[in-house]
Amino acid sequence: MKKECTVFNFSGIYEKESFYRKDKGSLLCGDLIDCTGISGTNCMCDDAAREQIRNIIRENSVSFDGIHFIDSGNYHYMSAIITEEVKELFSLVVLDHHPDMQPPMFGDILSCGAWVLDVLNKNEYVRDVHIIGADRNLIAQLDEEDRKRVKFYDLNQIHMLSTEHPVYLSIDKDVLNREELITNWDQGDMTADEMYSFVKKLVGERKIIGVDICGECALDQEGISVDEAIAGNDAFNEKICEVIWG
């Protein structure tokens, strides 16, 4: 996988972070793409916004082959848009506290809570989907037929994940426990070290064709120290790149 980092800045949060900045002299430097002016993107992505994002991806020559930071979990639907560019058979591996398989509330609109279904229904190259760390109560609420289309794993079952295809990895940091890192959604129980260990093993054993990472906190998030939350996410983002790229 290419050592390229693309940062899609929807909420403005990445302007407060530095993990990708060239002036750090870091190998993790990447391109910041301003998406703050695109309307119809927060949690749900309407057809006009989806087309604008596709155009931005083309204009900036963004490949699925690299690491993509896609802002908070409100924008996790970016995974569906980025994987549209994949033209080979692949497995989708998702680390997320939420299944992201709820049927869309408004027609066929793409949303952060339904993007996995969008991939399953529309991406002809995906062959299997594996979701790790999703809340079992949320999984139980899914449509039974949809639930059967995906393999779910608790943290202690990660070793059971097996696929014969190259992997596109999607990470939502809300799978981590809140004591380690703060996102703008309810969170799971995984530790950062457990995630680093799993990702390192996956990268070592499978061909990884692309990665995206979401789960930033919100700039106006209440009940937390936003500056501390941003600093924690910033440090995690740099570390996870180091783990992925070895």
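Predicted model: local features only at pLDDT ≥ 70, side-chain atom pairs only at ≥ 80, totals over all residues.
Guide: A nonpolar core is a set of buried Ala, Val, Leu, Ile, Met, Phe, Trp, Tyr and Cys residues that are joined through side-chain atoms within 4.5 Å.

Visitor: Which residues have the most contacts inside the largest nonpolar core?

Guide: The largest nonpolar core in this model is made up of 42 residues. Within that set, the residues with the most contacts are F8 and Y77.

Visitor: Which element gives the most residues to this core?

Guide: The largest core, with its 42 residues, receives two or more residues from each of α1, α2 (78-82), β5 (90-95), α3, β7 (126-132) and β10. The element that gives the most, with 5 residues, is α3.

Visitor: How many of the residues of helix α3 are buried?

Guide: A residue counts as buried when its relative accessible area is under 20%, and in α3 this holds for W115, V116, L117, D118, V119 and L120. The helix, which covers residues 115-122, is therefore described as mostly covered. Of its 8 residues, the number buried is 6.

Visitor: Why are R54 and E51 separated by about one helical turn?

Guide: The side chains of R54 and E51 meet in a salt bridge, with 3.2 Å from N to O, and both residues are partly exposed, R54 at 24% and E51 at 33%. An α-helix has 3.6 residues a turn, so residues three or four places apart point the same way. R54 and E51 are about one helical turn apart because both lie in helix α1 (residues 47-59), at a separation of 3 residues.

Visitor: How many residues apart in sequence are the parts that K173 and E216 tie together?

Guide: K173 forms a salt bridge with E216, the closest N and O atoms being 2.6 Å apart. K173 lies in the loop between β9 (167-172) and α6 (192-205), while E216 lies in the loop between β10 (208-214) and α7 (226-245), so the pair ties together parts that are 43 residues apart in sequence. K173 is buried at 0% relative accessibility, and E216 is likewise buried at 0%. The separation asked for is thus 43 residues.

Visitor: Is D146 buried or partly exposed?

Guide: D146 is paired with R149 in a salt bridge, where the closest N and O atoms are 3.8 Å apart. R149 is partly exposed, at 36%. D146 has a relative accessible area of 15%, and since the cut-off is under 20%, D146 is buried.

Visitor: What is the volume of the largest pocket?

Guide: The largest pocket is lined by 23 residues, and those nearest its centre are Q102, C112, G113, A114 and W185. By class, its lining has 13 nonpolar, 6 polar and 4 charged residues. The volume of this pocket is about 380 Å³.

Notes:
Residues numbered from 1 in each chain as written. Heavy atoms only, no water. Salt bridge = Lys/Arg side-chain N within 4 Å of Asp/Glu carboxyl O. Helix = DSSP H or I, 4+ residues; strand = E, 2+ residues; numbered from the N terminus. Buried < 20%, exposed > 50% of the residue type's maximum accessible area, 1.4 Å probe, protein only. 1 Å grid on protein atoms, 1.4 Å probe; cavity = no way out; pocket = protein on both sides within 12 Å on 5 of 7 lines; lining within 4 Å. Points joined across faces, edges and corners; volume = space filled by probe spheres on them. Nonpolar A, V, L, I, M, F, W, Y, C, P; charged D, E, K, R; others polar.
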